[in-house]
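Subject: Structure for you, with notes

Hello,

Here is the structure I promised. Please open it alongside this email; my notes follow below.

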Amino acid sequence: MSAGAISRRRAVCAALILACAPGFALAASPAAPTAVEVWKDPECGCCKDWVSHMEAAGFKVKVNDVGNNAVRASLGIDKKLGSCHTAVVGGYALEGHVPAREVKRLLAERPAALGLAVPGMPVGSPGMDGAVYGGRKDSFDVLLLVKDGPNKVYQRYEGNAAKRS
């Protein structure tokens, strides 16, 4: 093989490597974490624990310690579904102690909905699952907040009646 043929072959290989390199870099780099913005009371410990739960699941959380009543109303969430914090993620509203697993599912499925809610503060839900509760878990529903219609149970979480006292 001539020196010219080897040089051409090297040039072609180098060009192919350079052309594909950006794709390899993108494929190898992890996706940026999904942003969540939350509004909560600055003194609420369970809200802080829910934020930690979301961060541990890979979300990047921005916290606004200004309360959540005004933002809940502005997002169109009925106050009877209210909890101690309200968040937005990927164009959806989140009310209360929604598990990160259901948030990821919501973002993957992209239903026509306002978002998800876990009304109240059920013991055993993310952020309400600390040692102070002694392993107690109450049953709760994650509701899909339907824009024009009744809300639907998106996921049911069963409790552990044996731990209740």
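Helix α4 is followed by Arg110, whose phi is positive, near 50°. Arg110 is not a glycine, yet has that positive phi. The residue sits in the loop between α4 and β5. Its relative accessible area is 45%, which makes Arg110 partly exposed. On the terms: buried is under 20% relative accessible area, exposed is over 50%, and partly exposed is in between, using a 1.4 Å probe and protein chains only. Helices (H or I, at least four residues) and strands (E, at least two) are DSSP runs, numbered from the N terminus.

Before you go further, note that this is a predicted model: local features need pLDDT of at least 70, side-chain atom pairs count only at pLDDT 80 or more, and totals for chains, interfaces and linings use all residues. Residues are numbered from 1 along each chain as its sequence is written, and side-chain values use heavy atoms, with hydrogens and water left out.

Overall layout

The protein has four helices and seven strands. From the N terminus on, their order is α-β-α-β-α-β-β-α-β-β-β. There are 165 residues, and 35% of them count as buried. Contact means heavy atoms within 4.5 Å. Take the contacts with a separation of 6 or more: 55% of them are between residues 24 or more positions apart.

Helix α4

Which residues of α4 are buried? They are Ala100, Glu102, Val103, Leu106 and Leu107. These residues cover an arc of only 160° around the axis, which puts them on the same side of α4. The arc is that of the directions from the helix axis to the C-beta atoms. On the other side of α4, Arg101 and Ala108 are exposed. The buried residues pack against α2, β3, β4, β5 (115-118), β6 and β7.

Helix α2

Helix α2 covers residues 45-56, twelve in number. From first C-alpha to last it reaches 17 Å, close to the 16 Å expected at 1.5 Å a residue. The expected span is 1.5 Å times one less than the number of residues. Cys46, Cys47, Trp50, Val51 and Met54 are buried in α2. Down the axis of α2, the buried residues fall within an arc of 150°, so they line one face of the helix. Their packing partners are β1 (35-40), β2 (60-64), β3 (85-89), β4 (92-96) and α4 (100-109). Just after α2, Gly58 takes a positive phi of about 100°.

Lys60 is in strand β2. With a relative accessible area of 57%, Lys60 is exposed. Lys60 and Thr34 are 26 residues apart in sequence, but 5.9 Å apart in space, C-alpha to C-alpha. Leaving out residues up to four places away in sequence, Lys60 touches Pro33, Thr34, Ala35 and Val36.

Arg72 is in helix α3 (residues 69-74). Is Arg72 buried or exposed? Arg72 is buried, with a relative accessible area of 7%. With residues up to four places away not counted, Arg72 touches Ile77, Asp78, Lys79, Gly82, Ser83, Thr86 and Glu95.

Strands β6 and β7 pair in the antiparallel sense over five bridges. Two strands pair if DSSP finds at least two bridges between them. A hairpin of six residues joins β6 to β7. Asp141 stands opposite Arg156 in β7.

The structure holds one aromatic pair. The rings of Phe140 and Tyr157 have their centres 4.9 Å apart and their planes at 5°, so the pair is stacked. Phe140 lies in β6 (residues 140-145) and Tyr157 in β7 (residues 152-157), so the pair ties together parts that are 17 residues apart in sequence. Both Phe140 and Tyr157 are buried. For the cut-offs: rings of Phe, Tyr and Trp (its six-membered ring) pair if their centres lie within 6.5 Å; planes under 30 degrees apart count as stacked, over 60 as edge-to-face and the rest as tilted.

One more ring to look at: Arg105 lies over the face of Tyr154, at 3.8 Å from the ring centre. A charge sits over a ring if NZ of Lys or CZ of Arg is within 6 Å of the ring centre and within 35 degrees of the ring normal.

Best wishes
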